[in-house]
Amino acid sequence: MRHRKSMTEESPIIELKNLTKTYKNGVEFHALDSVNLKIERGEFAAIVGPSGSGKSTLMHLIGLLDTPSSGTLLIDRNDVTKMSDKELSEMRNRTLGFVFQYHHLLPDFTALENVMMPLLISGKNRKEATEIAEELLKKVRLEDRMDHRPGELSGGQNQRVAIARALSCSPAIVLGDEPTGNLDTKTGDMIYELLRQLNREYNQTFIVVTHNENLALKADKIIRLVDGKITVQ
């Protein structure tokens, strides 16, 4: 007998309703203009578009790094536009993981310590944080580089450490802002395939901004932005 899914399972993990972000600097500029979008749980979505199309703005709003001017943003059925700064911070730490174009690792700490950091901040004891970090570094095939600092690793290796760090607290949503943009083509393809593999294995929702059309075509959903509006999904 099949069990009926709960409302939480059926609902999209991210939903935007007429979301708008406006900047005023002498003239009014709509970085995002009444955007409507749904992203399902476990989906791998790619955001593409020319420079200035609103890709980073959309990513920052979904990542709770900025606030919309109007409209509604639901994350896991919670209307984040009505949350306090404290509630937003808690949701960001609990629900979201980030992988940026530049890895932003702490240079004086090893790969293992960098991945452990969010776990320790979240309250895990050192033993548990070490075990989780080691397992994740094995997942990204860096078991022989755990004791190396960022300056001793290649660009691709540092980005794999950043991916492990983003996954460390088991976020429901992983956001990648040009995670392959600073890498050569071969390494970039490898990092993208790794993200896709982790998406399938953990059933986490991945949203990636990319200029690489070939990589975007491998996603479950392509979100195309032009002048702050979605043109194709």
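Helix α4 (111-121) gives the largest share of the lining of the largest pocket, five residues. Helices and strands here are DSSP runs numbered from the N terminus (H or I, at least four residues, for helices; E, at least two, for strands). The model is predicted, so that local features need pLDDT of at least 70 and side-chain atom pairs count only at pLDDT 80 or more, whereas totals for chains, interfaces and linings use all residues. Residues are numbered from 1 along each chain as its sequence is written, and side-chain values use heavy atoms, with hydrogens and water left out.

The largest pocket has a volume of about 570 Å³. Of its 21 lining residues, N93, L96, P118, R165 and C169 are the closest to its centre. Besides α4, the elements that give two or more residues to this lining are α3 (85-95), β6 (96-100) and α6 (155-167). By class, the lining has eleven nonpolar, six polar and four charged residues. Nonpolar denotes Ala, Val, Leu, Ile, Met, Phe, Trp, Tyr, Cys and Pro, charged denotes Asp, Glu, Lys and Arg, and the others, Gly among them, count as polar.

Strand β6 also contributes to the largest cavity, giving three residues, the largest share of that lining. On a 1 Å grid over the protein atoms alone, a cavity is a set of points where a 1.4 Å probe fits but cannot get out, while a pocket is an open set with protein on both sides within 12 Å along at least five of seven lines; lining residues have an atom within 4 Å of a point. Grid points are joined across faces, edges and corners, and a volume is the space filled by probe spheres set on the points. The whole structure has one cavity of 30 Å³ or more, and the largest cavity holds about 40 Å³. Its lining consists of M59, H60, L65, F98, V99, F100, L175 and D177.

Helix α2 (residues 55-62) lies across β1 (14-25), β2 and β4, at about 120° to β1. This angle is taken between N-to-C directions, from 0 to 180 degrees, with axes fitted to C-alpha atoms, for helices over the stretch in contact, where contact means heavy atoms within 4.5 Å. These strands belong to an open, antiparallel sheet of four strands in the order β2-β1-β4-β5. Its edge strands are β2 (27-39) and β5 (78-79), each pairing on one side only. Pairing requires at least two DSSP bridges between two strands; two bridges join β4 (residues 70-75) to β5, and N78 is the bridge partner of I75.
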